[in-house]
Amino acid sequence: MTVVQHPLIRHKLAVLRDVETPTKQFKELVDEIAMLITYEVTRDLPLEPVEIDTPLERTTEMMLAGKKLTLVPILRAGLGMVDGVARLIPAARVGHIGLFRDHETLKPVDYYFKIPSDPGARDFIVLDPMLATGGSASAAVSSLKRSGAARVNFVCLVAAPEGVQRMLDDHPDVRVWTAALDRQLNDVGYILPGLGDAGDRLFGTK
Ligand code: PRP
Ligand code: URA
């Protein structure tokens with residue numbers, strides 16, 4: 001697990017946590033933090049040399065080596081991260097996994113799954129702002145693997161120790177990236193100090 005440390009991320013996360021932050025600003029912040037984390041997640045993307053004509057001469061430069069990247073937001077809250085990440089990786093495809101957490105059991109209930117048809121050839125970045133018990137993230141990654149995905153990163157904004165441990169136990173091959181590792185879950189599965197219900201705050205429901 002990697003906590004992406006950056007003063008801009010810390011600052012934006014503090015505003016994101018604030019109960020007074022309105023929906024419009026909450027959305028903008030989720031988008032921006034997702035983009036800033038992605039900068040780190042993509043640090044090791046392979047490059048290849050290309051010939052470029054500048055206005056003055058021909059030169060050899062480096063460009064991304066055409067790696068097939070796919071973003072997979074977990075519905076709903078993961079949708080709030082897609083635009084920010086896609087601003088950095090505009091060629092990425094976008095799959096979708098629909099899951100919600102049953103409020104009684106805290107177990108994920110799945111309702112939608114659609115990804116590109118060549119999963120074995122792709123690198124996946126699963127997006128969800130919250131890693132709480134880890135049930136949703138683990139189920140999403142299991143579904144991807146069942147369909148043939150082999151290389152998966154998981155990106156969230158706030159993680160609980162319980163969720164990080166669950167991912168380590170279930171999917172030790174999946175690297176988890178987060179803007180913050182919080183203290184614990186409360187007795188109804190919310191992250192403390194957390195930021196509340198990410199989906200409700202993003203979409204103005206409740
Ligand atoms: C939230 C969040 C994660 C999940 C995390 O979604 O966006 O998907 O809970 O909890 P877990 O780690 O304990 O599984 P929620 O179930 O509230 O659905 P929503 O995005 O549709 O609001
Ligand atoms: N889902 C959320 O949106 N927030 C939490 O704190 C835990 C799960």
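**View 1. The charged end of Arg101 over the ring of Tyr190.** In this predicted model, the charged end of Arg101 sits over the ring of Tyr190 at 5.6 Å from the ring centre, where sitting over a ring requires NZ of Lys or CZ of Arg within 6 Å of the ring centre and within 35 degrees of the ring normal. Residues are numbered from 1 along each chain as its sequence is written, chains are lettered from A and ligands numbered from 1 in the order in which they are written, and side-chain values use heavy atoms, with hydrogens and water left out. Because the model is predicted, local features need pLDDT of at least 70 and side-chain atom pairs count only at pLDDT 80 or more, whereas totals for chains, interfaces and linings use all residues.

**View 2. The aromatic pair of Phe100 and Tyr111.** The count comes to 1 aromatic pair, under a rule that pairs rings of Phe, Tyr and Trp (its six-membered ring) if their centres lie within 6.5 Å, with planes under 30 degrees apart called stacked, over 60 edge-to-face and the rest tilted. Phe100 and Tyr111 form a tilted pair, 6.1 Å centre to centre with 35° between the planes. Phe100 lies in strand β6 and Tyr111 in strand β7 (residues 108–114), so the pair ties together parts that are 11 residues apart in sequence; strands (E, at least two residues) and helices (H or I, at least four) are DSSP runs numbered from the N terminus. Phe100 has 43% relative accessibility and Tyr111 has 45%, and each therefore counts as partly exposed, the class between buried (under 20%) and exposed (over 50%), for a 1.4 Å probe and protein chains only.

**View 3. Ile97 in strand β6.** Ile97 is buried, with a relative accessible area of 2%. Leaving aside residues up to four places away in sequence, Ile97 touches, with heavy atoms within 4.5 Å, several residues including Val72, Ile74, Phe113 and Leu144. Ala140 is also one of these contacts, and the C-alpha atoms of Ile97 and Ala140, 43 residues apart along the chain, are separated by 6.7 Å.

**View 4. The lining of the largest pocket.** A pocket here is an open set of points on a 1 Å grid over the protein atoms alone, where a 1.4 Å probe fits, with protein on both sides within 12 Å along at least five of seven lines, and lining residues have an atom within 4 Å of a point. The lining comprises 26 residues, of which Phe100, Arg101, Ser136, Asp197 and Gly199 lie nearest the centre of the pocket.
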